[in-house]
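Subject: Structure handover

Hello,

My notes on it follow below.

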Amino acid sequence: MNKPRHSAGSGRNRVVRSRVTWTLLAVLFISWGGPAANAYWQSLSSSNFGAAKADSMPQGGTPAASLSGANVTISWAAASTPAGHAVTGYTVARYTSASGGTPVAAGGGCAGTVTTLSCIEQSVPGGSWFYTVTPVISLWAGAESARSAAVNTDSTPPTISVTSISPTPNGLGYDNTSPVTVNLAAVDDTGGSGVANIKYAVDGGSTVTVNAATAAVSVSGDGIHSVSFSATDVAGNSSTPQTQTVNIDTTAPTVSSVTMVNGGGGGNAGRASTGDTLTIVFSTDMDPHTLCSGWDSTSASQTANGTASISTAEVLTFTSTSCAVPSFGSVALGAAYNTSTTSSLDFTSSTMAWTQSTGTLVITLGVPGTGGTAGTGLSPATPVYSPVTGAADKAGNHVGTITSGGKSKF
C-alpha cells in the first residue's frame, strides 16, 4: 500500500505561494498609491502595510483670512488622518471667487508647503480673494478645504484735493489777510482699505503727517507760498503729490514818486505842452482795472486814449471812454500851468499807459485844445497824487503812503 507523500517540498511550495501573494499585494498597493502612497506607508512602518492601506488623507479645514494693509494672514486648524496620524504640512491657494475659477498658489510666507497652522502672504494684489488649504504628507495630498470668506485687498491709491481756502482768495488768487488756511480732504476708492493719513509741507519745509482723512494747513506771511500734499491709505498706497499755491499780500501799495518831465523840447520847458509826461511809480503790482475801468487785471501793459486836462486849480485829470470809472485819480501840479480862471487847459489825443513790470503809470500830453491859458517859465514844483477811490493792488490793498519824489516840471 502506497503511503501518502508528505514531502518537505509541499511546505516549501506553500511558503513560496504565500510570499508571492504578499509580493503581488505589495506591488498592487505601491502601484495603486504610487510614490506618494508608498512614502506615506513607509512613514508609518514598513511592517504596517494594512494600517497604511486602511488610512487616508483628510480634507483641510476652512481657513480664516484677515487683512493688514496689503498683507493677508491665513490660519487654520490642524488636520490628521482618520487613523490619527498628523499631516506634515499644508499648501495654500487663493481664488478670485467663492466657487469655481483657477487657484493661484499663495506667495510670500505662504509659498510652498507650510508646516505651521498660519502664514502671511505679503503684498497681495488688489482684488477680492478666497483662500483654501490642502493638507499633505510627503508627496501625498489630501482634499482641498472649503474657501475662506472674501478678503478685499486694495491696490488703488486714495484721492486728495483742496476743499477750500480760508479766507477765499480774490479773483486774482490773492489773500490780503494772514494766516490763510488750506483745507485738505482725502477719499479712498470704494471698497478700499480707507485713508490712513495726509502728509503736507509748506514751502519745502518739514513734512507734517496727520493721521486722518482731513487736514487744515496754516500758511502765513506775505509772499507766494507753496503747499505740497499727498494721502496714503491703510494698504500703503500713496496718491500722486500735488501742490497748491497761496498768494498772501497784506501790505498796502505805496507811491514812491510823482514826476513831471518836459517832453516837448527845450523851448517848452516850464510850460505844459505836447509830449510832456507825468509819471506815477507804485511800489507793487497794482490791479490795473482799479486805475482804468477798461483795463483788465492781468495784462503786462495797457494803454488808453483820451484827454488830459489841467483845471483852473492846477489839478491834472485824465478822461477817456475806455476809463469811464475809475480813471486813475488826479494830481495837484503845484504850479500855475493854467493861468485861466474860467476854463481848463485841455490836451486831446493824450494817452495813459500802464506797465506792470515797472509799476509805472504814465500820462503823456497830446494836442492843446481850446480853452485855458498855458503858464510859461514855471519853476519846478512838488506834484501831489490823489488816487481814485478803490485804487488797489492785486490783493485788494488800497493805496497807502504817497511820496511825491521831489520837485519837477513840464
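First, a term: buried means under 20% relative accessible area, exposed means over 50%, and partly exposed lies in between, with a 1.4 Å probe and protein chains only. Buried residues make up 38% of the 410 residues in the chain.

Ground rules next. This is a predicted model, where local features need pLDDT of at least 70, side-chain atom pairs count only at pLDDT 80 or more, and totals for chains, interfaces and linings use all residues. Residues are numbered from 1 along each chain as its sequence is written, and side-chain values use heavy atoms, with hydrogens and water left out.

Confidence

pLDDT is the predictor's confidence in each residue, from 0 to 100. Its mean over the chain is 88, and 87% of the residues reach 70 or more. Residues 1–51 have pLDDT below 50. Beyond near neighbours in sequence, that stretch has 27 contacts in the model. Contact means heavy atoms within 4.5 Å.

Overall make-up

The chain has 2 helices and 26 strands. Both are DSSP runs, numbered from the N terminus: helices are H or I with at least four residues, strands are E with at least two. Take the contacts between residues at least 6 apart in sequence: 66% of them join residues at least 24 apart.

Cores

A nonpolar core here is a set of buried Ala, Val, Leu, Ile, Met, Phe, Trp, Tyr and Cys residues joined through side-chain atoms within 4.5 Å. The largest one has 35 residues. Which of its members touch the most others? They are F282 and F328. Several strands each supply at least two residues of this core: β18 (255–261), β19 (277–282), β20 (301–310), β21 (315–319), β23 (345–355) and β24 (360–364). β23 gives the most, with 4 residues.

F328 deserves a look in the viewer. Neighbours within four places in sequence aside, F328 is in contact with I280, L291, L316, T317, F318, M352, L361, I363, Y385, S386, P387 and V388. There is also a second, separate core of 19 residues. Its members include A106, W129, Y131 and I137.

Disulfides

The rule is a pair of cysteine sulfur atoms within 2.5 Å. By that rule there are 2 disulfides. Counting bonded cysteines along the chain, the pattern is 1-2, 3-4.

- C110 to C119: the S to S distance is 2.0 Å. The torsion about the S-S bond of C110 and C119 is about 105 degrees, so this disulfide is right-handed. Both C110 and C119 are buried.
- C292 to C323: the sulfur atoms are 1.9 Å apart. The torsion about the S-S bond of C292 and C323 is about -85 degrees, so this disulfide is left-handed. The pair links distant parts of the chain, 31 residues apart. C292 sits in the loop between β19 and β20, and C323 in the loop between β21 and β22 (329–332). Both C292 and C323 are buried.

Sheets

Two strands pair if DSSP finds at least two bridges between them. Strand β2 (residues 71–75) pairs antiparallel with β6 over 4 bridges. I74 has C119 as its bridge partner in β6. C119 is also the disulfide partner of C110.

Another open sheet has 5 strands in the order β11-β17-β16-β13-β14, with mixed pairing. β11 (174–175) and β14 (208–210) are at its edges, each with a single partner strand, so one side of each is left without a neighbour in the sheet. Strands β13 (residues 195–202) and β16 (residues 223–233) run antiparallel, joined by 7 bridges. V202 has V227 as its bridge partner in β16.

One more residue

V104 lies in strand β4 (residues 104–105). Is V104 buried, partly exposed or exposed? Its relative accessibility is 34%, so V104 counts as partly exposed. Neighbours within four places in sequence aside, V104 is in contact with A93 and R94. The C-alpha atoms of V104 and A93 are separated by 5.4 Å, and the two residues are 11 apart along the chain.

Best wishes
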